[in-house]
Structures are given as structure tokens and as C-alpha cells.
Amino acid sequence: MKNREYPFYNPPHMSNLKEMINRLAVEKADDTAFVYPCESGEMRKTYYDFKEDIYAFGAWMYSKKIIDKHVAIVGENSYEWLVVFLAAICGGNTALAIDKSLPDEEIVNLSKIGEADMAFATDTYFEKVNKKVGKKAYNLKDLDEILTEGRKLMREGKSKAFEDYEIDVDKTAAILFTSGTSGISKGVQLTNRNMAFEIVHTSMLYEPKGGVLAVLPFHHALGLVVGILMVVNYGQPIYINKSLKYVKKNMEEFGPQTMFLVPMFVEFFHKQIWAEVKKKGKTQAFKGLMKSTDLLLKAGVDVRKKTYGSIQKVFGGHLEYIICGGAALDPMYVKEFRTWGIEILNGYGATECSPCTTVNRPFFKKDGSVGHLVPGLEAKTTEDGELCFKGDLVMKGYYKNPEATAEALEDGWYHTGDLGYVDDDNFVYLTGRKKNLIILSNGENISPEELELDIARDDAVQEVLVYDEGGKIVAEIFPVEEHFGDTAYFDKLKNKVNKGRPMYKQVAKVKLREEEFIKNASMKIVRYKNIPNYVK
């Protein structure tokens with residue numbers, strides 16, 4: 001199919017998540033919903049099982065007077081995490097999704113910001129929350145016992161209150177914490193209306209047609225709302241990855257058709273593939289092969305599956321699409337993965353927008369853009385070039401933080417802090433981050449992301465930050481191990497990057513470091529913790 005505009009997909013519609021769960025238990029009753037590893041091997045749950053477990057857990061919650069409460073959830077990706085989350089919001093509670101990897105004091109701090117009444121944690125993280133978060137903590141290693149008790153309540157007709165609870169679509173259903181790169185976390189209030197709109201309307205741009213390997217953390221909006229709930233709405237099977245060390249094994253075993261990733265994963269896989277080619281001494285030959293298959297593809301002859309079978313085998317042999325969001329991605333990765341037969345559909349959004357606002361489509365995409373605007377969502381740019389969005393997926397506000405809410409929301413428009421524009425085909429392009437702009441003494445404005453993108457393309461660079469230091473542009477680089485301390489190499493790289501750029505846009509100095517930059521849950525580099533004298 002040629003790359004051109006085509007009709008939106010028509011996913012199942014809904015007004016709230018309880019409605020979605022109930023529909024699937026009927027329409028997809030015997031279809032696999034989740035596959036996940038556990039101590040006894042590999043567990044499978046159908047969509048009927050999923051609904052029954054949510055309702056049993058909900059009945060148990062009501063029996064324990066967990067009604068209209070703030071429920072914190074802490075733990076690794078797991079089936080039980082999802083059951084707690086959906087049981088909470090389907091019964092009128094508010095779920096607080098907290099990053100398990102945070103220091104104990106930060107978990108406690110976020111639970112206080114979100115006013116957690118109690119906590120549920122997987123066994124690995126139970127001690128992090130026990131007697132520290134809310135009045136009581138529950139260990140999810142006891143899930144089977146809780147579900148058994150809940151099913152007994154259902155059989156005895158004592159679960160009607162949960163079953164009959166009618167969702168208020170504008171009540172705060174979940175609080176997800178921002179993972180900003182230039183300030184402290186805030187609690188984003190998402191409603192059933194927000195999440196339902198996101199799930200349905202983003203699905204109009206992309207339709208998964210096979211299994212999905214869930215890698216991104218569930219406390220992250222992209223990993224939860226798009227990576228799980230959007231796929232659930234389509235009734236496709238999801239394999240839950242519990243630890244990043246098993247990603248390669250899980251891909252080979254499950255053979256996903258789609259994966260939702262952040263750029264860090266794409267960059268890692270890309271480097272691994274090229275490292276393997278280099279190890280075999282076939283770099284130049286492989287580049288020539290890529291040019292040949294690209295020419296054949298332009299002529300309508302697709303030999304990628306046969307030619308790059310060894311690469312596709314790494315991803316399980318069935319991977320067609322990677323939906324990538326959470327941070328900027330160099331278009332070079334999109335082009336090279338396309339050559340290998342895997343399409344990366346770049347997207348963009350924010351937790352405050354539930355989170356997806358744009359995504360490229362399988363047969364209507366523009367390299368360099370962050371995708372097509374989600375149908376039903378309005379977009380505009382302010383006089384100073386800031387992107388703003390308005391629609392039912394925009395958050396209710398930051399929990400008990402009216403000052404931050406007023407700063408982010410104006411007449412229903414969410415101000416992203418990103419600079420960019422929307423073209424005539426409703427594709428969005430980013431040009432930088434408003435707060436990150438380097439403003440020189442001569443009045444020139446420089447977007448550090450532009451320089452970071454060029455520098456990061458070099459194989460010797462793992463991570464880079466560009467910033468202003470004393471009126472000069474500095475590029476701080478974390479190199480690959482074999483280039484630690486190699487100042488001569490990076491001086492040459494600096495000259496290469498500067499070539500053809502006006503003087504005011506040139507890097508004046510390169511700093512090398514021997515450890516990674518501090519990152520947030522989205523694996524974005526946290527500027528205010530890494531840049532000297534950063535002004536929040």
C-alpha cells in the first residue's frame with residue numbers, strides 16, 4: 001500500500017474501562033488475554049478470566065471497606081498489578097501508580113502527594129511500602145487467596161455493590177506521576193473519560209493484529225494506557241515481561257507482532273545488531289546490501305523477510321511494528337529498521353494527555369515527524385511556538401496543585417512546553433524544548449536537541465547533553481567504553497558536527513564522563529540533575 005492518507009480504523013468504542021472489561025468477557029471470552037511467567041511455569045488468562053478476577057478482587061475490596069479510597073500500587077509488571085489497578089478504578093477508587101524503582105523515601109513522598117490510604121505491592125517490593133504507605137499494605141503474593149475469597153463473595157451474592165457501581169467518567173480514576181526532566185514529580189489526575197478517549201481514538205490510527213510483548217513499566221502512562229489497555233480493547237493477547245533481562249528470551253518465545261518502546265530500547269537493539277555485523281567483519285558489505293534491498297523495495301520488490309531473517313529472528317520472527325514514544329528518536333533508526341523489515345511508528349505525548357497525542361500510521365507516515373494527530377484532538381502553537389493540545393484526553397489537573405495546574409492548562413488547552421508545529425496533513429513536528437532553549441548574549445536562540453541528535457549518531461557516543469556554560473555551548477558526552485577519555489576522537493567529532501553551522505550554533509567544548517547521566521522513569525536524561533547551574 002502506498003504511503004498516503006487512508007480511512008481511520010474503527011476500534012470498539014466505550015465510555016469507561018468497566019464497560020470495556022464487560023464487553024470483552026462476552027465477545028472474546030475464550031481468547032487469550034495475558035500470558036505471563038510465574039513460579040509454576042507459564043500462566044494464561046482468557047478475557048473471561050480477566051473480568052472474573054477483576055470482579056472477585058473488587059468484591060474483596062468492598063468487603064474490606066476499600067471504597068472511595070486512594071490505592072497505591074507498587075511492583076514490577078505483573079498480572080496482579082493490572083487486576084488491582086482495574087478493580088480499583090472499576091469500583092470508584094483512585095489508583096496511584098508509583099514507580100517501584102524509586103528510593104524508599106521518594107515512594108513515601110509520592111504516596112503522600114497522592115494521599116494514599118493503603119498500598120498493594122508485589123512481594124519483591126512489599127517491604128518498601130509496608131508500614132510506610134497509607135494505613136495498611138497488602139502483599140500481592142496473596143492474590144490467589146484474595147481472589148478465592150472474592151469469588152466466594154460473588155457466589156453468595158455479596159458482590160452486588162461492586163458489580164452495580166456506575167462509573168462517574170469525570171471522577172479521578174488514576175493518579176500517575178510525571179517523570180519530568182526539569183523539576184519534581186506532580187500527580188496527574190486521569191479520569192475514565194480521559195483514558196477511554198485515549199484508548200479509542202489512538203486505536204483509530206493504529207490497529208494491532210497480533211500479540212504484544214509488554215516491556216514498558218505499568219506505572220508509566222505509555223506502558224499502561226497505550227501498551228496494555230489499547231491492546232486489551234482490541235482483544236489481542238499480551239505477554240507480560242517481568243524483567244528487562246528476559247526481554248530477548250521473551251521475544252524469541254512469544255514472537256510479538258507489536259512492541260511499544262521508548263527510544264532507549266530501539267537504540268540498544270540497533271547498536272547490538274551493528275556490533276554483531278562489525279564482529280563478523282561485514283560492515284561495508286552489509287551497508288551495500290541495505291542499499292540494494294532499499295532500491296528493490298522502491299521498485300516494488302520486497303525481499304526483506306528473506307534477506308534479514310537473522311535480524312528478525314532476534315525479535316521473535318513476527319515483529320512488524322514498534323510504536324516508539326517517550327522521547328525524541330533520530331529518524332535514522334526508523335529508516336534502518338524499515339530496511340530490515342520492521343516499521344517504527346514514532347509517536348508523541350505526555351502523561352497529562354493520557355498520554356498519546358500523535359503517532360505515525362502504518363501506511364501514512366512522515367519520517368522526522370512525531371506522527372499524525374489523534375482524531376478528535378485539537379492542536380495549536382502559541383506565538384512563541386509552543387505546542388498546545390485540547391480534547392477529552394487532557395488531564396483533569398495536577399492533584400491538589402492548583403498553581404501547577406493553572407500554569408499547564410489555559411482555557412482547556414494543555415501547554416506542553418515543547419516547540420513545534422502541525423503541518424497541513426495534521427502531522428506534528430518538534431523543534432525543541434521551550435525551557436531548554438539556549439539564549440546567547442547576541443540574542444540568538446539555540447535548541448540543544450538539534451546538536452544532541454547529530455552528536456548521538458556517532459557510534460562512539462552512548463549519551464549526550466548540550467548546554468550553555470558561561471556563554472559557550474558545551475557538549476557533555478558519555479562514550480562507549482572503548483572511547484573513554486579519548487579526547488582526540490571527540491575533538492574530531494566536534495569539528496565534524498560544527499562543519500557548515502553558523503558560529504553561534506557551534507559546540508565550543510566537549511566534556512567526557514565515565515558514567516551514565518541520571519534518567520527518569522521514561523529513560524529521559526534528567527537535565528536539572530545533570531547540567532551545572534540548571535535553573536528549574
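This is a predicted model: local features need pLDDT of at least 70, side-chain atom pairs count only at pLDDT 80 or more; totals for chains, interfaces and linings use all residues.
I'll start with Gln189. You will find Gln189 in strand β8, which covers residues 187-191.

What does Gln189 touch, leaving aside residues up to four places away in sequence? The list includes Thr172, Ala174, Ile175 and Asn194.

Now the backbone. Most residues other than glycine have a negative phi, and most peptide bonds are trans. Here are the exceptions I have to show.

Lys65 is not a glycine, yet its phi is positive, about 65°. Lys65 sits in the loop between α2 (47-63) and β3 (70-74). Its relative accessibility is 63%, and exposed means over 50%, so Lys65 counts as exposed.

Lys400 is the other one. Its phi is also positive, near 50°. Look for Lys400 in the loop between β18 (397-398) and α16 (402-408). Lys400 counts as exposed because its relative accessibility is 60%.

Last, the peptide bond. Which two residues does a cis peptide bond join? They are Ser354 and Pro355, with omega at about 0°. Pro355 belongs to the loop that runs between β13 (343-349) and β14 (356-359).

That is what I have for today.

Technical notes
Residues are numbered from 1 along each chain as its sequence is written. Side-chain values use heavy atoms; hydrogens and water are left out. Helices (H or I, at least four residues) and strands (E, at least two) are DSSP runs, numbered from the N terminus. Contact means heavy atoms within 4.5 Å. Buried means under 20% relative accessible area, exposed over 50%, partly exposed in between (1.4 Å probe, protein chains only).
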